[in-house]
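Subject: Structure for your review

Dear colleague,

Please find below the structure that I am handing over to you. My findings follow directly after it.

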Amino acid sequence: MGDLSQFSWRVIDDIQKLIADKGMTDAQVIALSHIPRNTFYRKMRGETPFNLNDVDAIAGALGVDPFALLTHSARAVDSPAPEVQQ
């Protein structure tokens, strides 16, 4: 597998920011998203890309809209993690 795109890295960064902003731990997100622990960490390290099912599951665990997360990540400007509606 090739290197991740800049967009993929922004998605990872936004997920990390959301986890911190929500005061959650990785373990909580893993449990709520039902993504296997090793898979979650491989994806967060950029070893393998997230697919849309992963993004949907993580967004659900974080209580955010997956479309809003991806839309925010697609913007080139540096801004705080997305404020999204449930």
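Glu47 counts as partly exposed, at 42% relative accessibility (buried means under 20% relative accessible area, exposed over 50%, and partly exposed in between, with a 1.4 Å probe and protein chains only). Glu47 forms a salt bridge with Arg45, and their closest N and O atoms are 2.7 Å apart; the term requires a side-chain nitrogen of Lys or Arg within 4 Å of a carboxyl oxygen of Asp or Glu. Arg45 is likewise partly exposed, at 48% relative accessibility.

Please note that this is a predicted model, in which local features need pLDDT of at least 70, side-chain atom pairs count only at pLDDT 80 or more, and totals for chains, interfaces and linings use all residues. Residues are numbered from 1 along each chain as its sequence is written, and side-chain values use heavy atoms, with hydrogens and water left out.

The structure holds three salt bridges. In another of them, the side chains of Asp54 and Lys43 meet at 2.9 Å, N to O. This pair links distant parts of the chain, with Asp54 in helix H4 and Lys43 in helix H3, eleven residues apart. Asp54 is buried at 9% relative accessibility, and Lys43 is buried at 9%. Asp13 also forms a salt bridge, with Lys17, the closest N and O atoms being 3.0 Å apart. Both residues lie in helix H1, four residues apart, or about one turn of the helix. Asp13 is partly exposed at 31%, as is Lys17 at 32%.

As to the overall fold, the protein chain has five helices and zero strands (DSSP runs numbered from the N terminus: helices are H or I with at least four residues, strands E with at least two). Of its 86 residues, 38% count as buried. Among contacts (heavy atoms within 4.5 Å) between residues at least 6 apart in sequence, 54% join residues at least 24 apart.

Confidence is given by pLDDT, the predictor's confidence in each residue from 0 to 100. The chain has a mean pLDDT of 89, and 85% of its residues reach 70 or more.

The largest nonpolar core contains 20 residues, of which Ile15, Ile19, Val29, Phe40, Phe50, Ile58 and Leu62 touch the most other members. Such a core is a set of buried Ala, Val, Leu, Ile, Met, Phe, Trp, Tyr and Cys residues joined through side-chain atoms within 4.5 Å. Helices H1 (6-21), H2 (26-33), H3 (37-44) and H4 (52-62) are the elements that give two or more residues to this core. Leaving aside neighbours within four places in sequence, Ile15 is in contact with Met44, Phe50, Ile58, Leu62 and Leu69. Leu69 is found in helix H5 and is buried, with a relative accessible area of 0%. The C-alpha atoms of Leu69 and Val11 are separated by 7.6 Å, although these residues are 58 apart along the chain.

Finally, Thr39, Phe40, Lys43 and Met44 are buried in H3. They lie on the same side of H3 because they cover an arc of only 130° around the axis, taken from the directions from the helix axis to the C-beta atoms. Their cover includes H1, H2 and H4. On the other side of H3, Arg37 and Asn38 are exposed.

Yours sincerely
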